Amino acid sequence: MSLNRSEKEAVISDVTSLAAKAQTLVMAEYRGITVADMTRLRSDARSKGVTLSVLKNTLARRAVAGSAFEVVGDQMTGPLIYGFSEDAVAAAKVVADFAKTNDKLVIRGGAFGGKALDVEGVKQLANIPSKEVLLAQLLGLMQSPISRTARVLAALAEKRGGGEAPAEAEPVAEAPAAA
């Protein structure tokens, strides 16, 4: 079904706004994927904040013109699904995870930070932990020295309190009174 001019402009403006908000674009060839598998992929993507779109390549090229994703305009050929995400790794993770279980989905490339990514680049991006995991790891590293210090101080206090009473707590023996 062919789109009229106003419908094409609407698609271009929608994709342009997606590209403006997104940090990552991943492109994959979807030839031969069943409707059920595609529905599962879209559902998984939606739950992780990734927008998947099947677009005419000419419209996709026009939509990303002037954005950080313009660098992959020459790779936009064939039947592609485009994954945009605001999270730097979410689109790559969703597409790469699905491609592991479905050999019909073939990653073609992507873009991140104004640089084109090849297939290996997308897979490496997908292997980076999510933002939440990285923040949790950072917090753990920051808490580690503090918690170690607290454990050492607690052990010292227990050692002092368990053996002898500290000098300040010892009762003073009074000398017998001289009559």
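The model is predicted: local features need pLDDT of at least 70, side-chain atom pairs count only at pLDDT 80 or more, and totals for chains, interfaces and linings use all residues. Residues are numbered from 1 along each chain as its sequence is written, and side-chain values use heavy atoms, without hydrogens and water.

**Overall architecture**
- The protein chain contains 6 helices and 5 strands, taken as DSSP runs (helices H or I, at least four residues; strands E, at least two) numbered from the N terminus.
- Along the sequence, the pattern is α-β-α-β-α-β-α-β-β-α-α.
- Of the contacts (heavy atoms within 4.5 Å) with a separation of 6 or more, 80% involve residues 24 or more positions apart.

**Helices α1 and α3**
- Helix α1 (residues 5-21) packs with helix α3 (residues 57-64) at an angle of about 50°, their axes being 8 Å apart.
- From α1, K8, V11, I12, V15, T16 and A19 meet L59, R62, A63 and V64 of α3.
- The residues of this contact comprise 7 nonpolar, 1 polar and 2 charged (nonpolar: Ala, Val, Leu, Ile, Met, Phe, Trp, Tyr, Cys and Pro; charged: Asp, Glu, Lys and Arg; polar: the others, Gly among them).

**Residue S53**
- S53 lies in strand β2 (residues 50-54) and counts as buried because its relative accessibility is 13%.
- Leaving aside residues up to four places away in sequence, S53 touches L18, L80, I81 and Y82.

Conventions. Buried < 20%, exposed > 50% of the residue type's maximum accessible area, 1.4 Å probe, protein only. Axes fitted to C-alpha atoms, helices over the stretch in contact; angles between N-to-C directions.
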